[in-house]
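Subject: Structure handover and notes

Dear colleague,

I am passing on the structure below, followed by my notes on what was found in it. Please keep it open while you read.

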Amino acid sequence: MGFLHVVLLLACCSLSQGVREVFQAAPPPRLTFDEPACRYLLVEHDFGNSYGAPYVGAYSPPEDCTFTTTIFNLSVVSSGQQYDRLATLWLGDIEVWRTSTAIPVQSGIHWSFQKDVTIWHTLLSQSQKIIFDLGNLVDGDLYTGYFNVTMEALYYNDRYTTGFHPAEHIYPISTSSSSSNTTSLFSLPGDGGAVNLTLPRNGKNAVASFTASGNGEEEFWFTNVPTEYIHTFPSNDGWLYGYSPFREVQLLIDGQLAGVSWPFPILFTGGVDPGAWRPIVGIDAFELPSFEIDITPWLGLLTDGQEHTFQLRVVGFDTSANDGIGPVGENWWVSGSVFVWLDEAAEQTTTRDFQSVVTASSFDFRPVVGTVVSENGTATNTSFYFALIANRNITISSTITNGDSTREVAWTQTLSFSNIQNMTDLAFNQSLAMVTSGIHSDSASNIISHYTYPLNLFSAYNVASSGATTNPGSVFCMVDRSKLIDGISSLSFFTGTSTGPESLRTRQNVTSNYHWNGTIVAGTEGLDTMDGEVWLSYSGAAARDNNVVAYHRYAKEKNDSISVNEQGWRPMPVPSTKPLPFVDG
């Protein structure tokens with residue numbers, strides 16, 4: 001794979017022998033990374049005690065360098081004991097990459113990941129403050145792992161088959177805190193999540209993009225239960241988190257719903273079972289996904305020269321609410337951007353026949369609590385089963401006029417969700433079968449996009465004083481999940497970096513038995529076992545020089561080692577996620 005393999009080889013060879021390579025299965029953003037037109041070192045920093053102390057630097061576009069495509073290459077080295085950490089990269093007040101770390105081992109780990117950031121070309125062509133935040137804690141005893149981060153920008157002057165059309169303006173939906181040398185994340189629900197923006201009068205197309213991820217008790221929101229059931233097992237109180245396993249990230253414009261995301265469930269490298277995610281990390285762990293909403297139908301209303309309010313909000317399911325919509329816990333880290341393309345031949349964009357047809361989310365919730373009654377009449381809960389199903393439809397449409405051009409534009413979404421959970425042994429045993437799916441279409445590409453996220457998860461925790469010798473605790477975990485996407489990114493289509501539909505199919509299957517020691521993040525040699533597989537297949541249309549039009553990767557791991565690692569420039573069959581086998585208890 002050309003330069004990509006060279007980068008990994010050099011990084012590996014520059015480290016001490018025994019350093020473990022970890023990776024996320026993902027299609028590379030270019031056929032080769034050879035011979036960039038120019039390059040720029042963005043970040044070189046060691047993150048130790050770095051909570052509230054991000055890396056802050058100055059970015060300037062490379063001089064005497066003509067470029068279209070930009071790739072950010074992230075390389076990280078770590079050793080010792082440490083939790084997984086979340087990281088965000090900012091150009092000024094705008095987040096361009098959200099990632100997370102792998103959990104290191106004493107002998108050391110290394111990973112690299114490449115992200116295409118070409119859609120941010122307008123920002124990359126101007127001087128910016130660059131902020132990379134990776135909150136970490138080192139105490140010299142239990143938690144010793146630093147994260148040594150290097151990030152480089154690679155620039156290429158690629159030709160695009162339909163032309164290169166980056167957005168003329170990019171506006172932040174954030175706290176705009178870069179002037180204080182900090183990130184601009186909203187922490188929801190505590191923050192308001194709203195900004196006031198004034199858009200150009202001659203806007204032609206506009207897309208809002210946002211990223212949202214839960215933290216703390218919201219990190220694994222999809223395993224949560226409705227709040228009224230968090231005390232189902234009183235002798236294990238505090239184990240279950242509330243606000244339901246349903247999450248909806250909403251974009252509101254002037255108080256009206258413009259679109260939603262029912263997010264992909266991320267399993268970070270410390271998630272459920274730290275032993276399950278090395279050396280192959282979970283799907284999207286190194287590049288947390290964003291969601292796009294085509295807001296072109298709103299343009300005639302937004303191009304009046306006045307301020308308009310853009311708000312991001314996260315909601316859950318509440319059994320006591322009439323409409324089923326309820327609050328969520330702390331905290332969701334959310335930020336977004338509004339991309340605007342201009343019609344230089346027009347002075348004013350106008351609209352007529354604006355219609356917003358938004359159905360309220362429909363919910364079907366069915367709980368069953370199993371109990372046993374003792375001889376003295378005391379009832380004890382022994383199991384908890386529930387099924388939660390949700391559906392929603394959204395259509396925003398209008399007729400907009402730019403100069404002599406009039407066109408009908410629309411954004412449509414159809415979403416469905418199901419989450420079935422069963423808990424026994426005071427909820428130490430928990431099984432989950434979940435499927436999120438959606439269909440959406442934008443105002444320009446005439447391509448209908450589909451996505452499906454099936455997730456089957458089983459975990460069984462043993463927290464008694466048996467198992468590991470240094471500290472009681474173990475978890476047996478089985479995961480089988482997929483991310484299936486067919487369609488197109490509105491941002492990429494308007495920019496010219498995509499010209500047709502793309503297909504991405506990823507499946508990950510892992511079984512792990514992990515015995516933690518006093519650090520939680522370190523296992524027990526001789527007791528831990530793990531088997532895992534990942535399949536990935538991508539196909540798309542050629543939009544530029546060195547464009548990847550097909551790629552596959554299949555890898556198999558056993559007990560922290562890779563036994564199979566196959567990849568190539570063609571698609572491959574990806575087997576479907578299957579129900580998990582029955583486990584006693």
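A patch is made of residues with over 30% relative accessible area and no salt bridge, where like charges are joined within 9 Å and nonpolar side chains (Val, Leu, Ile, Met, Phe, Trp, Tyr) within 5 Å. A salt bridge, in turn, is a side-chain nitrogen of Lys or Arg within 4 Å of a carboxyl oxygen of Asp or Glu, and accessible areas come from the Shrake-Rupley method with a 1.4 Å probe, with only the protein chains shown counting as cover for residues.

This is a predicted model, in which local features need pLDDT of at least 70 and side-chain atom pairs count only at pLDDT 80 or more, while totals for chains, interfaces and linings use all residues. Residues are numbered from 1 along each chain as its sequence is written, and side-chain values use heavy atoms, with hydrogens and water left out.

On the surface, V368, Y385 and I420 form a nonpolar patch that has about 240 Å² of accessible area together. V368 belongs to strand β21 (residues 362-373); strands (E, at least two residues) and helices (H or I, at least four) are DSSP runs, numbered from the N terminus. With a relative accessible area of 49%, V368 is partly exposed, a class that lies between buried (under 20%) and exposed (over 50%), again with a 1.4 Å probe and protein chains only.

Some backbone details also deserve a careful look, because most residues other than glycine have a negative phi, and most peptide bonds are trans. The peptide bond from L188 to P189 is cis, with omega near 10 degrees, and P189 sits in the loop between β11 (186-188) and β12 (194-197). Another cis peptide bond runs from E330 to N331, with omega near -5 degrees, and N331 is in the loop between β18 (325-326) and β19 (332-342).

As for phi, D254 has a positive value of about 50 degrees although it is not a glycine; D254 is placed in the loop between β14 (248-253) and β15 (256-261) and, at 39% relative accessibility, counts as partly exposed. D353, also not a glycine, has a positive phi near 60 degrees; D353 lies in strand β20 (residues 349-358) and counts as exposed, at 52% relative accessibility.

Best wishes
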